[in-house]
Amino acid sequence: MLLHKTRHNSIVIQLSPPCPPRLYKQTTHSLALHTNKNSNMATKCTIPIIDFLDFPNQTSNLIAASVEWGCFRLINFHNILPATLMSDMKAVVRSLLDLPVEIKQRNIDVIAGSGYMAPTSINPLYEALGVYDIASSADVDKFCSQLDASPHQRETIMRYAEAVHVLFMRIGKKLAESLGVKSESIGIENWPCLFRINKYNFTPQSVGSPGVQIHTDSGFLTILQYDEGVGGLEVMDTSDQFIPVEPWPDTLLVNLGDMATVWSNGRLRNVKHRVQCKEAKIRVSIASFLLGPRETVEPRPELVDDDHPRWYVPTTYEDYRKMRLSTELQAGEALALLHTPTNVRKLWSLNYVTVMLTLNIGNERICNGSCLLLLNLCLLVTVIKVKMLETNLSKMITFQNVMEVSKAEDAKARKEKDVIPAEEYKMGTKDYDLEVLEMA
Ligand SMILES: O=C(O)CCC(=O)C(=O)O
Ligand SMILES: [Fe+2]
């Protein structure tokens with residue numbers, strides 16, 4: 001029996017383990033064929049693969065992957081983002097992250113966490129540089145100037161930004177259409193695309209430690225060019241277990257984030273993921289985030305009906321991001337704070353019914369041992385859930401108060417970055433657990 005937490009934070013009890021969709025299987029040896037139709041497939045179920053050259057055949061796979069997993073590996077996209085551009089970009093990114101700290105600090109935030117993040121004493125393994133919106137050539141230009149990028153570096157970054165933006169448009173439109181939403185109506189061309197390059201200074205002492213804590217991405221879609229040599233990235237599978245995203249050359253990982261869940265009225269899964277230090281090497285990744293509509297984000301009317309009542313109240317990405325930061329709910333839990341009052345009431349009534357059933361049936365001794373065990377488990381889950389809801393609600397109230405003095409909140413969100421020189425990292429000597437990083 002499994003207790004399974006759905007993306008609406010409700011708990012369902014499954015009598016047998018859920019099986020991930022069987023559509024997606026990978027060959028054990030390589031991805032050389034770049035197809036998931038190979039008949040010699042391994043039996044292991046794993047992260048879905050979407051072949052970008054195989055649309056519209058892939059439409060149902062795309063939707064299944066986005067609903068069940070909230071992520072997929074993308075293959076055969078090189079007509080848009082060539083392999084040479086990916087490796088050129090990787091080289092540029094490495095050299096930018098190797099710049100002296102005084103230069104990297106010129107990369108200031110536009111929104112909290114969009115600029116340079118220095119290693120800190122709490123999290124000495126991680127640093128990042130970022131651009132608020134790679135869909136804006138002015139933003140990309142500014143980033144290049146801040147870091148004194150050479151003409152070659154500038155050109156590579158510009159070409160990469162354009163290619164990733166095209167990929168976002170194509171994937172986003174396919175996703176919308178496969179959900180029955182007309183892609184022309186969503187204005188996706190105007191959504192900002194945050195860009196972040198991440199460096200993990202993994203050392204022998206840090207093996208086994210977290211590089212980035214469990215989180216969901218707060219935006220709509222993420223395109224991740226993960227390190228092709230150094231692993232460590234893990235995503236939560238359909239049974240809520242973390243599984244490694246083994247580095248496969250010439251593939252990208254696409255994640256769906258919190259805004260996709262709101263926009264789709266809860267149909268698209270915001271995948272939880274994390275980075276663990278597996279080996280003592282420098283790991284570099286390039287993450288691009290399509291954040292979502294600039295104005296209000298709310299469930300699409302096409303996806304709200306009697307069978308799918310509206311789950312989320314309207315919000316803006318900016319407000320949601322601030323709420324995630326101030327509540328430190330980084331793994332999608334903050335979405336519960338956007339639940340419509342009707343749905344919150346439903347959750348409470350469900351909890352109430354479960355408690356009553358457990359107490360009544362337990363008292364009347366009309367059930368056998370295993371039934372009682374099951375009911376007790378329900379009770380335990382209910383109590384935990386009510387506790388979580390209470391904590392989240394109190395965080396929301398705090399958040400609302402804090403929003404009233406939003407200037408102060410902004411300052412608070414831009415956490416002080418205590419830069420420490422590389423030679424002073426004391427990895428392995430004390431716990432450099434986790435600070436809450438401002439993940440996109
Ligand atoms: O470095 C990675 O592979 C993942 C980074 C990530 O999840 C993020 O930047 O949101
Ligand atoms: Fe992420």
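**Reading a predicted model**

Q: What joins strand β6 (residues 193-201) to β13?
A: There are 9 bridges between β6 and β13, which run antiparallel. Y200 stands opposite R283 in β13.

Q: How many residues surround ligand 1, and which are the closest?
A: Ligand 1 is surrounded by 13 residues, of which the closest are Y200, D217, H273, R283 and S285. Polar contacts can then be read one by one. The side chain of S285 has an N or O atom 2.6 Å from an oxygen atom of ligand 1. For H215, a side-chain N or O atom is 3.1 Å from an oxygen atom of the ligand. H273 likewise places a polar side-chain atom 3.1 Å from an oxygen atom of ligand 1.

Q: How many aromatic pairs are counted?
A: Pairs are found from the distance between ring centres, and the angle between the planes then describes their arrangement. The count comes to 6 aromatic pairs. In one of them, the ring centres of Y126 and Y200 are 5.3 Å apart and the planes stand at 55 degrees, so this pair is tilted. It links distant parts of the chain, since Y126 belongs to strand β5 (residues 126-131) and Y200 to strand β6, 74 residues apart. Both Y126 and Y200 are buried. Together with F202, they form one aromatic cluster.

Q: Which residue lies over the face of F242, and at what distance from the ring centre?
A: A charged side chain may sit over a ring. R274 lies over the face of F242, at 4.0 Å from the ring centre. In another case, K174 lies over the face of F55, at 4.7 Å from the ring centre.

Q: What kind of peptide bond joins F55 and P56?
A: Most peptide bonds are trans, and most residues other than glycine have a negative phi. The bond between F55 and P56 is cis, with omega at about 10 degrees. P56 is placed in the loop between β3 and α1 (59-69).

Q: Where is N76 placed, and is it buried or exposed?
A: N76 is in the loop between β4 and α2 (83-97). With a relative accessible area of 16%, N76 is buried. Its phi is near 55 degrees, a positive value in a residue other than glycine. D148, in the loop between α4 (137-146) and α5 (151-178), also has a positive phi, near 50 degrees.

Q: How many residues of strand β4 (residues 71-75) are buried?
A: In β4, 5 of 5 residues are buried. Both faces are covered, with C71, R73 and I75 on one side and F72 and L74 on the other. Strand β3 (residues 49-51) pairs with β4 in the parallel sense over 3 bridges, and I50 has L74 as its bridge partner.

Q: How many residues of helix α7 (residues 317-327) are buried?
A: An α-helix has 3.6 residues a turn, so residues three or four places apart point the same way. Helix α7 is mostly covered, with 8 of its 11 residues buried. Among them are Y317, Y320, R321 and R324. Just after α7, E328 takes a positive phi of about 60 degrees.

Definitions and conventions: Residues are numbered from 1 along each chain as its sequence is written. Chains are lettered from A and ligands numbered from 1 in the order in which they are written. This is a predicted model: local features need pLDDT of at least 70, side-chain atom pairs count only at pLDDT 80 or more; totals for chains, interfaces and linings use all residues. Side-chain values use heavy atoms; hydrogens and water are left out. Two strands pair if DSSP finds at least two bridges between them. Helices (H or I, at least four residues) and strands (E, at least two) are DSSP runs, numbered from the N terminus. Rings of Phe, Tyr and Trp (its six-membered ring) pair if their centres lie within 6.5 Å; planes under 30 degrees apart count as stacked, over 60 as edge-to-face and the rest as tilted. Buried means under 20% relative accessible area, exposed over 50%, partly exposed in between (1.4 Å probe, protein chains only). A charge sits over a ring if NZ of Lys or CZ of Arg is within 6 Å of the ring centre and within 35 degrees of the ring normal. A residue is near a molecule or strand if one of its heavy atoms lies within 4 Å of it. A polar contact is a pair of N or O atoms within 3.5 Å; within protein, one must be able to donate a hydrogen and the other to accept it, and residues adjacent in sequence count only if both atoms are side-chain atoms.
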